[in-house]
Amino acid sequence: MSGFVIEMLRIGNLSLSSKCILAPLSGISDLPFRMINRSFGCQMAFTEMISASALVHDSGKTEKMLRTGSGDMPLGVQLVGGETYHIERAVEILNAREFALLDVNAACPARKVTGSGKGASLMKTPGQLKELLKCAVRNSRHPVTVKIRSGWDDDSVNARDVALHAQDAGISALFIHGRTKKQGYSGSVDYGVIRNVKESIGIPVIGSGDALSPKLIKKMFDETGCDGVVIARGSFGNPWIFKEAEAFLHNGLLIPRPGLKELTDTVSAHLNMVVDFYGERLGILVFRKFFGWYVKGLRHSKSLRDRAYRAVSKEEMTGLMEELRGIKFVGKQ
Ligand SMILES: Cc1cc2nc3c(=O)[nH]c(=O)nc-3n(C[C@H](O)[C@H](O)[C@H](O)COP(=O)(O)O)c2cc1C
């Protein structure tokens, strides 16, 4: 296999040596999750999606979602909003913070988001999206990007048109999830739509969808000609995907999965960070799903996962981790 061309991914004034970016992930890409992924080669990561109106109305939860720390750079902040008033005020607030990119979400399919004219519903109103992006570009001191979908549904695949509107607004790069809003997260990614967008605009295009393994990440680059790839579900229980992807993209190497010691050390480090960040009570609730993802595919994983979903203390979760240290891999290597 020929080596991957080593060049930087440039977005505005940001230069990234790794073209694989950790996705914005609601309820998941908090500071501990980003730090675990960064420790295995993730360079650029995003916050969870932040509601522009919640930020303007100063919600404590939003403040926590924006919390960052040493080593958590470069960081992208993703805003979701449907009105220029909220975007303008939110951008003013964010201008006081240090981060690398400001992304506007036009991709979220959740009904509570699309129902109020935000997220993926902006795919139906490219003119409105352009106004929001112009407002963000005009007011933000950070480079602005957008995340779109391929369209609303199969009958309205309009990513190219939306991308042209977005480019006109002066954004620095475009992220595209190659599924329609109607598909949500099911079905396969449509590489053709992403390729069409890449061939139609002059700013960097970062592809998203089914980036679940090093081979599929390379496939996204090969099929679409995109400039970067977003890693989302592929990182669940597998922060190693970043170094696996780099090894495969640069040298064609498929590196083996970590052994049990590295896995349990990582789960333990992640648990400690989550408990420090949220406190024990909430931290254990937050950590349950991460534990389930880490043990997927291991022998006895169902029993471990079921018990993790009932755990209420760090002591219980640590006990499960001790059990994990004693079990064997099945099918995950
Ligand atoms: C649980 C979950 C939460 C997500 N949250 C966000 C979000 O807040 N903002 C966003 O732009 N995309 C979000 N996404 C979409 C991902 O960023 C990504 O585009 C999508 O999962 C497709 O990539 P994949 O098939 O490789 O997972 C989310 C996806 C999942 C599964």
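Predicted model: local features only at pLDDT ≥ 70, side-chain atom pairs only at ≥ 80, totals over all residues.
The chain contains 14 helices and 10 strands. Its C-alpha trace spans about 55 × 50 × 35 Å along the principal axes. Of the 333 residues, 44% count as buried. Among contacts with a separation of 6 or more, 67% join residues 24 or more positions apart.

Two domains are assigned, with domain 1 covering 9-251 and domain 2 covering 260-325. On the side of domain 1 that touches domain 2, there are 6 nonpolar, 1 polar and 1 charged residues. The contact between the domains involves 8 residues of domain 1 and 9 residues of domain 2, while their C-alpha centres are 28 Å apart.

In soluble globular proteins, nonpolar side chains tend to be buried together. In the present model, the largest nonpolar core comprises 69 residues, and Ile148, Leu174 and Ile231 have the most contacts inside it. When residues up to four places away in sequence are left aside, isoleucine 148 touches Ala106, Ala107, Met123, Ala159, Val162, Ala163, Leu174 and Ile176.

The ligand is surrounded by 23 residues, of which Ala23, Ser26, Met49, Ala232 and Arg233 are the closest. The shell around the ligand consists of 12 nonpolar, 7 polar and 4 charged residues.

Several features of the backbone were also examined. Most residues other than glycine have a negative phi, and most peptide bonds are trans. The bond from methionine 73 to proline 74, however, is cis, with omega near -5 degrees. Proline 74 is located in the loop between helix H3 (60-65) and strand S5 (75-80).

A positive phi of about 60 degrees occurs at aspartate 210, which is not a glycine. Aspartate 210 belongs to the loop between strand S9 (205-208) and helix H9 (214-224), and counts as buried because it has 21 C-beta neighbours inside 10 Å, where the cut-off is 20 or more. Histidine 300, likewise a residue other than glycine, has a positive phi near 65 degrees. The loop that holds histidine 300 lies between helix H12 (280-295) and helix H13 (301-308). With 14 C-beta neighbours inside 10 Å, histidine 300 counts as partly exposed.

Technical notes
Residues numbered from 1 in each chain as written. Near = placed C-beta within 6 Å. Nonpolar A, V, L, I, M, F, W, Y, C, P; charged D, E, K, R; others polar. Core = buried A, V, L, I, M, F, W, Y, C linked by C-beta atoms within 7 Å. Buried ≥ 20, exposed ≤ 12 C-beta atoms within 10 Å, placed from the backbone. Contact = placed C-beta atoms within 7 Å. Helix = DSSP H or I, 4+ residues; strand = E, 2+ residues; numbered from the N terminus. Domains from an automatic or database assignment.
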